[in-house]
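Let's take a friendly walk through this model, with an eye on one helix and a group of aromatic rings.

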Amino acid sequence: YVYPYTGKGMFEYCSAIGQATDLPMYICNVSDTPNKFSPSLVADIFKANPNFVGYKDGTQIVIDQLTILSKLPEGRKFDLISGSDGLLMTTMMNGGVGIISLVTTVFPDLVVETERGMIHARPCARSFATSPVKTAPLPESSRPNCCTCVRRSRSGRLWPRTSTLRA
């Protein structure tokens, strides 16, 4: 992490570790080092090494998450993990599975509740993402199919029900 390496050097290093063990491996991309994994490098490492199963993104670059996901082979096991508390919800909406969080040490219930809510709401995200933007309150007929997970605020926005997050 201290000395800068080329992309080729980082690929060879990760591949050597991946070939030396049968254990599941994760790449941790930390933005405070001179060695950042580009989306192409992450995808290449995952394609060449089947025991790499996840990626912790500490870069806070959302477009890189999406780029990595688009470069992976269909059906490949891949755990996308947020490494930034501020991007937990965005990472989860992109298909992430969780977070390695500093805030969890102080507010564990809040982070767990947020993560559970995102796991529950993920199917709804597709409905919202494909719907045209509306500035007025949504009519009842526009609610997503899984209405049991949302409630309406006074402004007409849909929000996760807090009661479903405590399961």
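Is Phe 52 buried or exposed? In this predicted model, Phe 52 has 3% relative accessibility, so it counts as buried, the cut-off being under 20%. Phe 46 is buried too, because its relative accessibility is 1%.

| Pair | Centre to centre | Angle between planes | Geometry |
|---|---|---|---|
| Phe 46 and Phe 52 | 5.9 Å | 65° | edge-to-face |
| Phe 46 and Phe 78 | 4.9 Å | 70° | edge-to-face |

The pair of Phe 46 and Phe 78 links distant parts of the chain, 32 residues apart. Phe 46 sits in helix α2, whereas Phe 78 lies in the loop between α3 (62–71) and β3 (79–82). Both of these residues are buried. Taken together, the ring pairs join Phe 46, Phe 52 and Phe 78 into a cluster.

Now for helix α1, which runs over residues 7–20.

Which residues of α1 are buried? They are Met 10, Cys 14, Ser 15 and Gly 18. Because these residues cover an arc of only 125° around the axis, they lie on the same side of α1. An α-helix has 3.6 residues a turn, so residues three or four places apart point the same way. The buried residues of α1 pack against α2 (39–48) and β2 (52–58). On the other side of α1, Lys 8, Tyr 13, Gln 19 and Ala 20 are exposed.

Note on methods: Residues numbered from 1 in each chain as written. Predicted model: local features only at pLDDT ≥ 70, side-chain atom pairs only at ≥ 80, totals over all residues. Heavy atoms only, no water. Helix = DSSP H or I, 4+ residues; strand = E, 2+ residues; numbered from the N terminus. Expected span 1.5 Å × (residues − 1). Buried < 20%, exposed > 50% of the residue type's maximum accessible area, 1.4 Å probe, protein only. Arc of directions from axis to C-beta. Contact = heavy atoms within 4.5 Å. Phe/Tyr/Trp six-rings, centres within 6.5 Å; stacked < 30°, edge-to-face > 60°.
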